[in-house]
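Subject: Structure handover

Hello,

I am passing on the structure below, followed by notes on what was found in it. Please read the notes with the structure open.

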Amino acid sequence: MIQALLAKPELDEADLLAFAQTINGAAFKDPPPPKPKPPTATEIKNKVLAHFRCKTVTQLRKDKNFQLSMTGEEVALKSKDDWLVLYRRFIGIPANERNLEDGPTVINGIDVLQHFRPWVVFGLDPKTATADEVREAFRRLIQVHHPDHGGDPRVAERLQTMKDSILALMP
């Protein structure tokens, strides 16, 4: 193959790729997409502040909407973890915590012990789902994640809470 390539007056990309694939023994696979990086503490803080239209932490603490949404809760706002709690609640799930591979506590790409996202976990559309569809999705998931079937009891309890919360809001 080397002799054939040397005999060619001009080599193009296809010739070199064919040679490389021959040496490799197979076609090359595309590399997996890079995993998203977690947001920095500054990015998290700025998004939460922007959500409440505040420029400083002092303004945020005095904001009536923030105070109302945090009634009965103490948040220190000193560490990245404190800000992450607010980010998850008001902004959403950080990119590095989405689309996780299924595992004992991960369902539909969401870690159910860390995030309360029942519609995503159940794989249902909140605008069109019926109570029967919610119950069926719950049954399907609980068969896999129930402790009697080798599942985590915390996950089973969380699924029950998710089902109950959805059904409580349905007409």
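This is a predicted model. The largest nonpolar core has 18 residues, and those with the most contacts inside it are Ile 107, Val 112, Val 121, Phe 122, Leu 124, Leu 141 and Leu 159. Two or more residues of this core come from each of helix H7 (118-122), helix H8 (131-145) and helix H9 (153-169).

Val 112 is one of the residues listed for that core. Apart from neighbours within four places in sequence, Val 112 has contacts with Thr 105, Ile 107, Val 121, Val 155, Arg 158 and Met 162.

There is also a second, separate core, made of 16 residues, including Phe 52, Leu 77, Tyr 87 and Phe 90.

Next, helix H6. The buried residues in H6 are Trp 83, Leu 84, Leu 86, Tyr 87, Arg 88 and Phe 90. Their cover includes helix H3 (41-51), helix H4 (57-62) and helix H5 (64-69). After H6 comes Gly 92, which has a positive phi, near 150°.

Arg 88 is worth a separate note. Arg 88 lies in helix H6, which spans residues 80-90. Its relative accessible area is 17%, and because the cut-off for buried is under 20%, Arg 88 counts as buried. The side chain of Arg 88 makes a polar contact of 2.6 Å with the side chain of Glu 97. Not counting residues up to four places away in sequence, Arg 88 touches Glu 97 along with Pro 94, Gln 114, His 115 and Arg 117.

Regards

Key: Residues numbered from 1 in each chain as written. Predicted model: local features only at pLDDT ≥ 70, side-chain atom pairs only at ≥ 80, totals over all residues. Heavy atoms only, no water. Helix = DSSP H or I, 4+ residues; strand = E, 2+ residues; numbered from the N terminus. Buried < 20%, exposed > 50% of the residue type's maximum accessible area, 1.4 Å probe, protein only. Polar contact = N/O pair within 3.5 Å; in protein donor to acceptor, adjacent residues only side chain to side chain. Contact = heavy atoms within 4.5 Å. Core = buried A, V, L, I, M, F, W, Y, C linked by side-chain atoms within 4.5 Å.
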